[in-house]
Every structure is written in C-alpha cells, then in structure tokens.
Amino acid sequence: MSGAADAAAAMAFQHWFGLEPGSGRVLLALWRRCGGASAPAAELARETGHTPASMRRHHIPQIRQAMDTEAVDFDGRGYNLTETGRAECLAAIREIGDELMRAAVGEQRTRQGELGHHQ
C-alpha cells in the first residue's frame, strides 16, 4: 500500500472501531501482515512508534475490545489478525470508502446546483 492508502486505512480503522490514533496504527500494522508471520510486540512497537509494553497493556487490548473477540490472535511468538479480524478490517475500509464516495457525490451535486442557480 502507498503512504496515502496506509493513512486512509489507519483513519478508517480509527473511525470504524473507535480507536485512538496509536491503536489505529497498530491495527494497520497487523492488517499489512495479513496472512504473513505473526508480529512480536517489539516488532509492532518499532513499526508504530510505541513501546512493547504499551502494545501488550494498551493497544492490543483496545483493539481486541473494539473488534470481535476472535479478531486478534497471539500464537506464542506474536500477534496476527485472524480471518475474522481481516474480514472486519476489510468491511471497515469498504464502508468508510462508500461513505466518502457518497459525501463526494453529494458535494458535487451541491456545487452543480449552486452553479445552476447563478446562471
């Protein structure tokens, strides 16, 4: 994903799941690894600018509370999104994308209506 796509996905996760920005970045890091190796807390911390302790004590619990209880797994080596977690993240991105498209279309119609009134 590009930097813009990463930022959009992180904001979608924050909005959809009600996460603070730091936890949204952690969920993004997990999302990027979909289907890959699990991520130890220290590695997630490096990727997101947090400490390993804050991952275990704050961010991962916040994500688990916001999502389905089966969404984030710990396999003894690290954390990863389950199929349920991946499906929830994809649904969030799709729904937020749809909302943005509706907002853009509505704005475009409003502007077209304003232009029609000024002619």
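1. Let me start with Arg-33. Leaving aside residues up to four places away in sequence, Arg-33 touches Ser-38, Ala-39, Glu-43, Leu-44 and Glu-47, where contact means heavy atoms within 4.5 Å. Bear in mind that this is a predicted model, in which local features need pLDDT of at least 70, side-chain atom pairs count only at pLDDT 80 or more, and totals for chains, interfaces and linings use all residues. Residues are numbered from 1 along each chain as its sequence is written, and side-chain values use heavy atoms, with hydrogens and water left out.

2. Where does Arg-33 lie? Its place is the loop between helix H2 (21–32) and helix H3 (41–48); helices here are DSSP runs of H or I with at least four residues, numbered from the N terminus. Arg-33 counts as buried, at 19% relative accessibility. For the record, buried is under 20% relative accessible area, exposed is over 50%, and partly exposed is in between (1.4 Å probe, protein chains only).

3. One of the residues touched by Arg-33, Glu-47, also makes a polar contact with it, side chain to side chain, at 2.6 Å. Such a contact is a pair of N or O atoms within 3.5 Å; within protein, one must be able to donate a hydrogen and the other to accept it, and residues adjacent in sequence count only if both atoms are side-chain atoms.

4. On to the cysteines. Searching the whole structure turns up zero disulfides, a disulfide being a pair of cysteine sulfur atoms within 2.5 Å. Cys-34 is in none, and the nearest cysteine sulfur, in Cys-89, is 6.6 Å away. That is too far for a bond.

5. Rings of Phe, Tyr and Trp (its six-membered ring) pair if their centres lie within 6.5 Å; planes under 30 degrees apart are stacked, over 60 edge-to-face, and the rest tilted. Phe-13 and Phe-17 make a tilted pair, 6.3 Å centre to centre with 45° between the planes. Both sit in helix H1 (residues 3–17), four residues apart, or about one turn of the helix. Phe-13 is buried at 0% relative accessibility, and Phe-17 is buried at 10%.

6. Phe-74 and Tyr-79 are also paired: their ring centres are 4.9 Å apart and their planes at 50°, so this pair is tilted. Phe-74 is partly exposed at 41%, while Tyr-79 is buried at 8%.

7. Which residues do ring pairs link into a cluster? They are Phe-13, Phe-17 and Trp-31.

How values were computed: Helices (H or I, at least four residues) and strands (E, at least two) are DSSP runs, numbered from the N terminus.
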